[in-house]
Amino acid sequence: MLHKKMRAFSMLAGLSVAASLALPAQAAVVASVKPVGFIAAAIANGVTPVEILLPGGASEHDYALRPSDIKRLQDADLVVWVGPEMEAFMTKLVASLPAQKSAEMDTLPGVKALLLKGGEDEEHEHHGKYNMHLWMSPEIAKKTAVAIHAKLLELMPQSKDKLDANLQHFEAELSSADAKIGNQLSPVKGKEYFVFHDAYTYFEKHYGLTPLGHFTVNPEIQPGAQRLHQIRTQLVEQKAACVFAEPQFRPAVIEAVARGTKVRSGTLDPLGTNITLGKDSYVTFLSQLSSQYASCLNGK
């Protein structure tokens, strides 16, 4: 009798182990850079964790994958990235993943990367021809959210209700923030300024801002003397209200060029360095950027 009971118990235990093995493991989403992670976190909120591949302070322009990064990408259920023009270091590895395990922003339907402005700078030759800071566009962020939702739904159909609710929340919050930012930036349209590097084109076009230009295309490459002379001339002639640095790059070159002029200096953060991942982090990121523009251009 005891032998029968034990056999029945071991069969039950075996069944429960088999059942637990049959359950899908919790998916993990790995996003290449933090702002892409903001969009992913909005859709994955309460469903699956989101991790950022690039450590804080690292630049997507010249990063090299470590063995631990390679393992994270291979183990991820979904990898979300901008594309090979931005994160060249990921191209080979992502190509080895099954299609359903990656979402690439620059190949989404309706996403057409804007050509980099200008072309007179020698650094363009080393930087590809497209402006790949796609997360700066509210429209592209929305398309990315829809794509992430579709991929996670495929992976985790049991979480459909939560994923649907997350997408709905994201779209509603984005629409509301978009209107508020439009109002906030309306008074500074027409006020000209320089940015440190050419990362903001999508945001500027969307909200009708008027940049005079940028110091550099790739923040790892310092601008040449001729470029600095051109900018200095425009500042002296009081053409710009503001010059924007970035938290990661506060080059002395900006201070030197602006010295002795009436131009104000501000900071723009294209990566949302101080923002924590969460369901509203992308909207927080856009709003923070808008306030950074407004406060310097308004002279506050």
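**Entry 1: the disulfide**

I started with the cysteines in this predicted model. Cys-242 and Cys-296 form a disulfide, and I get 1.8 Å between their sulfur atoms. I then searched the whole structure for others, and the total came back as 1 disulfide.

Which parts of the chain does the pair link? Cys-242 sits in strand 7 (residues 242-245) and Cys-296 in helix 10 (residues 281-297), so I have distant parts of the chain joined, 54 residues apart.

The torsion about the S-S bond of Cys-242 and Cys-296 is about -100°, which makes the disulfide left-handed.

Next I asked myself: is Cys-242 buried or exposed? Its relative accessibility is 0%, so I put Cys-242 down as buried. Cys-296 has a relative accessible area of 5%. The cut-off for buried is under 20%, so Cys-296 goes down as buried as well.

**Entry 2: helix 2 against helix 5**

I moved on to a helix pair. Helix 2 covers residues 34-44 and helix 5 covers residues 138-155; their axes come within 9 Å and cross at roughly 50°. That angle makes helix 2 oblique to helix 5. I also noted the hand of the crossing: helix 2 passes helix 5 in a right-handed one.

Which residues make the contact? From helix 2 I listed Ile-39, Ala-40, Ile-43 and Ala-44. From helix 5 I listed Ala-141, Thr-144, Ala-145, Ile-148, His-149 and Leu-152. Sorting the residues of this contact by type gave me 8 nonpolar, 2 polar and no charged.

**Entry 3: Asn-166**

I picked out Asn-166, which lies in helix 6 (residues 160-185). Is Asn-166 buried or exposed? With a relative accessible area of 5%, Asn-166 is buried.

Then I checked what Asn-166 touches, leaving out residues up to four places away in sequence. The list reads Ala-42, Ile-43, Ala-44, Asn-45 and Val-47.

**Entry 4: the whole chain**

Last, I stepped back for the totals. I have 10 helices and 8 strands in the chain. How much of the chain is buried? Buried residues come to 47% of the 300 residues.

I also looked at how far apart in sequence the contacting residues are. Taking contacts in the chain with a separation of 6 or more, 63% are between residues 24 or more positions apart.

How values were computed: Residues are numbered from 1 along each chain as its sequence is written. This is a predicted model: local features need pLDDT of at least 70, side-chain atom pairs count only at pLDDT 80 or more; totals for chains, interfaces and linings use all residues. Side-chain values use heavy atoms; hydrogens and water are left out. A disulfide is a pair of cysteine sulfur atoms within 2.5 Å. Helices (H or I, at least four residues) and strands (E, at least two) are DSSP runs, numbered from the N terminus. Buried means under 20% relative accessible area, exposed over 50%, partly exposed in between (1.4 Å probe, protein chains only). Axes are lines fitted to C-alpha atoms, for helices over the stretch in contact, and angles run from 0 to 180 degrees between N-to-C directions. Angles under 35 degrees count as roughly parallel, over 145 as roughly antiparallel, 65 to 115 as roughly perpendicular and the rest as oblique. A crossing is left-handed if the near helix is turned anticlockwise from the far one by less than a right angle, and right-handed if clockwise. Contact means heavy atoms within 4.5 Å. Ala, Val, Leu, Ile, Met, Phe, Trp, Tyr, Cys and Pro count as nonpolar, Asp, Glu, Lys and Arg as charged, and the others, Gly among them, as polar.
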